[in-house]
Amino acid sequence: MDLMATISADLAFDFLRTKNQLGYICYSMLPRIGDYYSFSLIVGSQRDKFSCEYVYAKIVEYHDNFLGQLEQMTEGDFEKHKKSIIQVQIVTQFYLIYFSC
């Protein structure tokens, strides 16, 4: 699940923030409550620049294209995402061990 969240975060930021310039706050997250995960997209945009309908349409467009982007991802890019997750988990474990003493 962490791997999907990382890939989604990069793609969501690229599509919503960089390409469509919807706002400074554009990210996705995968919150977990107990045994359940959910998927959230957060977009903070200026209401005088974009209508709610326009922002919503762009979020739907992102969702519609997300699977296609995953299918077109190269093996090398996929491996980079996997290594990134492993590095984050190693650093997190280090800090948990180091600072809990």
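Visitor: How many disulfides does the structure hold? Please then examine helix α1 closely: which residues in α1 meet α2, and which meet α3?

Guide: This is a predicted model, in which local features need pLDDT of at least 70 and side-chain atom pairs count only at pLDDT 80 or more, while totals for chains, interfaces and linings use all residues. Residues are numbered from 1 along each chain as its sequence is written, and side-chain values use heavy atoms, with hydrogens and water left out.

To take the first question, the structure holds zero disulfides, a disulfide being a pair of cysteine sulfur atoms within 2.5 Å. The sulfur of C26 has its closest cysteine sulfur in C52, 14 Å away, and this is too far for a bond. C52 is likewise in no disulfide, the sulfur of C26 being the nearest one to it. The two residues also stand on opposite sides of the accessibility scale, where buried means under 20% relative accessible area, exposed over 50%, and partly exposed in between, for a 1.4 Å probe and protein chains only. C26 has 3% relative accessibility and so counts as buried; C52 has 64% and so counts as exposed.

The request now turns to α1. Helices here are DSSP runs of H or I with at least four residues, strands are runs of E with at least two, and both are numbered from the N terminus. Helix α1 covers residues 2-19, and it packs with helix α2, residues 52-72, at an angle of about 130°, the axes being 10 Å apart. An axis is a line fitted to C-alpha atoms, for helices over the stretch in contact, and an angle runs from 0 to 180 degrees between N-to-C directions. Angles under 35 degrees count as roughly parallel, over 145 as roughly antiparallel, 65 to 115 as roughly perpendicular, and the rest as oblique. The helices α1 and α2 are therefore oblique to each other.

Contact means heavy atoms within 4.5 Å. On the side of α1, the residues that meet α2 are I7, S8, L11, A12, F15 and L16; their partners in α2 are K58, I59, E61, Y62, F66, Q69 and L70. By class, this contact has nine nonpolar, two polar and two charged residues. Ala, Val, Leu, Ile, Met, Phe, Trp, Tyr, Cys and Pro count as nonpolar, Asp, Glu, Lys and Arg as charged, and the others, Gly among them, as polar.

Two members of this contact may be followed further. S8, in helix α1, has 0% relative accessibility and counts as buried. Leaving out residues up to four places away in sequence, S8 touches S28, F39, Y62 and F66. K58, in helix α2, is also buried, with a relative accessible area of 15%. With the same exclusion of residues up to four places away, K58 touches F15, L16, N20 and L22. K58 and N20 are 38 residues apart along the chain, yet their C-alpha atoms are separated by 8.1 Å.

The other partner to consider is helix α3, residues 75-99, whose axis comes within 10 Å of that of α1 and crosses it at roughly 115°. This crossing, too, is right-handed. Here D2, L3, T6, I7 and D10 in α1 meet F78, H81, K82, I85 and Q89 in α3. These residues divide into four nonpolar, three polar and three charged.

Finally, the loop between α1 and β1 (25-29) contains Q21, which has a positive phi of about 45° although it is not a glycine. Y24 lies in this loop between α1 and β1 as well and, at 74% relative accessibility, counts as exposed. Apart from neighbours within four places in sequence, Y24 is in contact with R17 and G44. Y24 and Q46 are 22 residues apart in sequence and 9.4 Å apart in space, C-alpha to C-alpha.

Technical notes: Left-handed = near helix turned anticlockwise from the far one by under 90°.
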